[in-house]
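Dear colleague,

I am passing on the structure we talked about, and below it you will find notes on what turned up when its contacts were searched. Please read the notes with the structure open beside them.

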Amino acid sequence: MSNDFPASVDVDYTDGEGESPDDYPSIQHKIEKAVEVTRRGLEQYDNPAVMWTGGKDSTLTLYFINQVAEEYGYEKPTAVFIDHFQHFDSITDFVEHWADEWGIDLVYARNDDVGAYVEEHGLEPGDDIPVDALSEHNQHHIREILEFEEDAFPFLLDTYVGNHLLKTVALNDALEEYDIDGVISGVRWDEQEARADETFFSPRHDPDLFPPHDRIQPILQFAETDVWDAFWNFVVPDTVDAFPDEGYIPQADDDLPEGVTQADVPISPKYFAGFRSLGSEVSTEKTTEEPAWLQNLEGTTERAGRAQDKEDLMERLRDLGYM
Ligand SMILES: Nc1ncnc2c1ncn2[C@@H]1O[C@H](COP(=O)(O)OS(=O)(=O)O)[C@@H](OP(=O)(O)O)[C@H]1O
């Protein structure tokens, strides 16, 4: 691992070590830290980018970026949406609408080689993709990096080969193409065991695995319930004039302030419909129709249906560059 990348960056890679959401006892403490990390990130990296899915975590992260950029005069980073070909349809409409509204340059990262095979053969999620039909670049990842020996793998996101090719390889290629040195993402300590030891600035410097870069993770300290608190008390009132400044928590999609519709609120319609997290169309389940923020957040799971979370799959994917 190279120790001199990026030479000019001055961040503390141990910041957040051994901490958990409880070390930030109020929403104010959590927000203060998010702003501090975001500000340092925008200041220290030449070309940071934010990983944005339209999900609640990355949208909250983008809110802090917008605030910091506007207050301190930084350029807003490009937002990278990794299109893995299995998103809910409404998600791209959501990100395009809010990118436009917030003046964000949005780019799509895709593994085009896999995409072309899927398209040409009309594959559905779960169908097999033969390894030897893919490019040398993808075969290198499958054989040398993942050490996967079978002839084919399923076109599914939440699997070892599928997730790596559709998301990590697409991300790595985008880092290279846009020369990105800081990847700002919305990962949180409480959402996944494999993310519980992350620090606010985290190095990814091994050039054999990815274009060397750092991860900037401003909302590690937010538990799921804090994310919703931040939305209804800060993000939404700051974005939608008709919302009271002191915050307001709607009980349903028809319980918005006079004249406001769901489309005016920077929260994906999927959360209004009861989804707690937005993975892929085939891997994400909802267990109730109740809006996400009203569900029993502490007593039930946020990531129902995510096969990635099984065994040590997430750990292995993350070692190879996943978020
Ligand atoms: N496809 C894609 N495109 C761009 N950015 C992405 C992508 N997948 C993950 N991320 C980034 O990682 C954050 C956490 O993602 P998740 O926990 O929902 O992802 S997953 O469980 O690993 O699928 C995620 O934030 P949220 O999606 O808001 O949770 C992003 O900052």
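Is Asp 10 buried, partly exposed or exposed? With a relative accessible area of 48%, Asp 10 is partly exposed. Before going further, please keep in mind that this is a predicted model, for which the mean pLDDT of the chain is 92, with 94% of the residues reaching 70 or more. For the complex, the predictor gives an ipTM of 0.95 and a pTM of 0.94. Where pLDDT is low, the predicted coordinates should not be read in detail.

Asp 10 and helix H1

Asp 10 forms a salt bridge with Arg 40, in which the closest N and O atoms are 3.4 Å apart. Because Asp 10 belongs to the segment before helix H1 (27–44) while Arg 40 is in helix H1, the pair ties together parts that are 30 residues apart in sequence. Arg 40 is partly exposed as well, its relative accessible area being 30%. Asp 10 has a further contact through its backbone nitrogen, which the side chain of Gln 44 reaches at 2.6 Å. Gln 44 is also found in helix H1, and at 14% relative accessibility it counts as buried.

The annotated domain

As for annotation, an unreviewed UniProt entry places the feature "domain: Phosphoadenosine phosphosulphate reductase" at residues 48–116 and 163–229. In the model, residues 48–116 are 52% helix and 19% strand, and the end C-alpha atoms of this span lie 29 Å apart. Residues 163–229, for their part, are 33% helix and 16% strand, with 31 Å between the end C-alpha atoms.

Other salt bridges

The search of the whole structure finds 17 salt bridges, and a few of them are set out here. The side chains of Arg 276 and Glu 224 meet at 2.7 Å, N to O, and this pair links distant parts of the chain, since Arg 276 is in the loop between H8 and H9 and Glu 224 is in helix H7 (residues 224–239), 52 residues apart. Both Arg 276 and Glu 224 are buried. There is also a network in which salt bridges that share partners join Lys 56, Asp 57, Arg 188, Asp 190 and Glu 302. Glu 191 and Arg 195 form another salt bridge between their side chains, again at 2.7 Å from N to O. How accessible are these two residues? Glu 191 is buried, at a relative accessible area of 10%, and Arg 195 is buried at 6%.

Aromatic contacts

Phe 81 is buried, with a relative accessible area of 1%, whereas Tyr 108 is partly exposed, with a relative accessible area of 24%.

Phe 272 and Trp 293 also form an edge-to-face pair, for which the centres are 5.0 Å apart and the planes are at 85°. Phe 272 lies in helix H8 (residues 269–272) and Trp 293 in the loop between H8 and helix H9 (313–319), so this pair ties together parts that are 21 residues apart in sequence. Phe 272 is buried, with a relative accessible area of 6%, and Trp 293 is buried too, with a relative accessible area of 8%.

Charges over rings

Finally, there are contacts between a charge and a ring face. Lys 33 lies over the face of Phe 200, at 4.9 Å from the ring centre. For Arg 316, the charged end sits over the ring of Tyr 160, 4.5 Å from the centre of that ring.

Methods
Residues numbered from 1 in each chain as written. Predicted model: local features only at pLDDT ≥ 70, side-chain atom pairs only at ≥ 80, totals over all residues. Heavy atoms only, no water. pLDDT = per-residue confidence, 0-100. UniProt positions renumbered as here; feature names shortened; annotations may be inferred. Helix = DSSP H or I, 4+ residues; strand = E, 2+ residues; numbered from the N terminus. Buried < 20%, exposed > 50% of the residue type's maximum accessible area, 1.4 Å probe, protein only. Phe/Tyr/Trp six-rings, centres within 6.5 Å; stacked < 30°, edge-to-face > 60°. Lys NZ or Arg CZ within 6 Å of the ring centre and 35° of its normal. Salt bridge = Lys/Arg side-chain N within 4 Å of Asp/Glu carboxyl O. Polar contact = N/O pair within 3.5 Å; in protein donor to acceptor, adjacent residues only side chain to side chain.
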